Amino acid sequence: MEAVSTFLRSKYFWLSFAVLTVTVYLFGLNLPLLGPDEPRYAQVAREMFDRSDWVTPTLGGFNWFEKPALLYWLQIVSYNIFGVNEFAARFGSALFGLGTIASLWLLGEKYVSPNKDVKIANGFGNYLALIAASTLGIIVFSRGASFDIILTFPITAACVSYCLFDHISLNTDRRGRGWLFAFYFFICFALLAKGLVGIIFPFAILSFFHVLSLRLPKKDFYIGLVWGLPVAFLVAALWYLPMYLSHGWPFIDEFFVQHHFQRYTSNKYQHPQPLHFFFWVLPLMTVPWLPFFFAGMWSGAKQLLMGGDDIDMRYQNVVYSPLLLYSASWLLVPLVFFSFSGSKLPGYILPAVPPAIIIAAVFVYKWIGERAWRDVLVKGFAVATFAVVVGLLIFTVPKFAERDSVKSLIAAADARGYSGLKVVGLHMISHNAEFYASGRQLRNSDGKLRKLLGPLELRSAMQQAGSNEILVIVPVEWLHQLQNQTDFPNEIIASNGDVAIAIVRDNLL
């Protein structure tokens, strides 16, 4: 134990932890795609990849204008390198998760004291990165082929860049223009990651911060608006303009009207939650650092509202700096914005997790102080979190993925020689099969997957497929409807416990 303690306190720990972080974030990305979103987004990128088309997203051959192209571009590049598989579909998300951690590390390393241009505190960036890397919200969403981390990284990088620009230009003889350039650079990516929110959030956050600070931004910020905004929109236009020229109003209607404004103002997409939903989701995303987040919120609120004369002056560069006020502004903007949204999903609040990590890290750093045992405890806690994550990825998640995914079912059918048959769902829609049975699912005229409501619809499905054989994915509780059929001879090929796949024939066709 003494040797472990010595290593945790040595300078070699941080390099080892960085290597461990990259390893953990790339580990297990080849598990089956989960939920409805991962396989759909991976399939959209596959169709663009197959067509060598970097502009128009499609799903099942139908236009798919829900999201911008950044995730798809990352997946296309990965498909070219690693082939079309789950690892490639998630690789870009893992890189953006690591980018989020790196951005927070940079903030902790480069943030300077208001006094004599010294660093905020020795090693604070390392602890900030350690807590970010081992935070549940970052770990989970960095493993998903979805847009949440794709948006969170550029927003985090943009907010970090502005924070450093403002603080350096305010407290040193430097102007921080490079950080202002970086602010607009990452806004370009945020616009391509998830649309208008990519520019609304950074400007709302910095505006709220200056309102709370009772001061205006520095002059260079206003000058930057003249060149920064045009550059951001011009770069974003690399995708938006070709999309508009190719598809016109249907693109504007689906992407902006439906998936921006109607998604926010209504429950059109069937994700209703109460007003307070994100007020409990956000803290859960800070696990296992939840107690430190709450303690940091309480401590920070007291310091911001009442001062903190009882704080050890060695750490005043952390606790008295505008960093806590900036973090509070950064956290509250997405929290309040999405709380009033008519559609709510847990991933929406991910851009608020980085400032929550900052708040927790400030408290952790003060709590450690000069106590060696606390330093060892915090580092050991982060490493133990990684050990738990890896253990779950090895022993638990694969079992869950097997039941959630139809990958093994489609593979079993293909192994029997049915790889050319169309696939349809009975009493269910399998979005998971959109990737694993690529191009083989039956769709309605509007592009939505066809769902059979009973065995009597099997004949029309086979007529649509142009074959007297079809593969049917069905929940196990409805298997009896197939097994009791005499008009449609069938055989159950495989089952994962939740759903089964069967070959069904119609001898009359």
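## Strand pairing and overall form

Val423 has Leu471, in strand β5, as its bridge partner. In this predicted model, that pair belongs to the pairing of strand β3 (residues 423-426) with β5, which run parallel and are joined by three bridges. Strand β5 also pairs with strand β7 (residues 499-505), and here the two run antiparallel, with seven bridges between them; within β7, Ala500 is the bridge partner of Val474.

| Strand paired with β5 | Direction | Bridges |
|---|---|---|
| β3 (residues 423-426) | parallel | three bridges |
| β7 (residues 499-505) | antiparallel | seven bridges |

How many of the seven residues of strand β5 are buried? Six of them are, so that β5 (residues 469-475) is largely enclosed by the rest of the structure.

These strands belong to a protein chain with 23 helices and seven strands. Its radius of gyration is 26 Å, close to the 23 Å that the globule rule gives for 509 residues, and the chain is therefore as compact as a globular protein of that length. Along its principal axes, the C-alpha trace spans about 85 × 60 × 40 Å.

Of the 509 residues, 54% count as buried, and among contacts between residues at least 6 apart in sequence, 74% join residues at least 24 apart. The chain exposes about 21900 Å², of which carbon and sulfur atoms supply 65%, while the mean positions of its 39 positive and 33 negative charges lie 6 Å apart.

Conventions:
Residues numbered from 1 in each chain as written. Predicted model: local features only at pLDDT ≥ 70, side-chain atom pairs only at ≥ 80, totals over all residues. Heavy atoms only, no water. Helix = DSSP H or I, 4+ residues; strand = E, 2+ residues; numbered from the N terminus. Rg over C-alpha atoms; globule rule 2.2 N^0.38 Å. Buried < 20%, exposed > 50% of the residue type's maximum accessible area, 1.4 Å probe, protein only. Contact = heavy atoms within 4.5 Å. Areas by Shrake-Rupley, 256 points an atom, 1.4 Å probe, with all protein chains shown as cover. Lys, Arg positive; Asp, Glu negative; His and termini not counted. Charge placed at Lys NZ, Arg CZ, Asp CG, Glu CD. Pairing = 2+ DSSP bridges.
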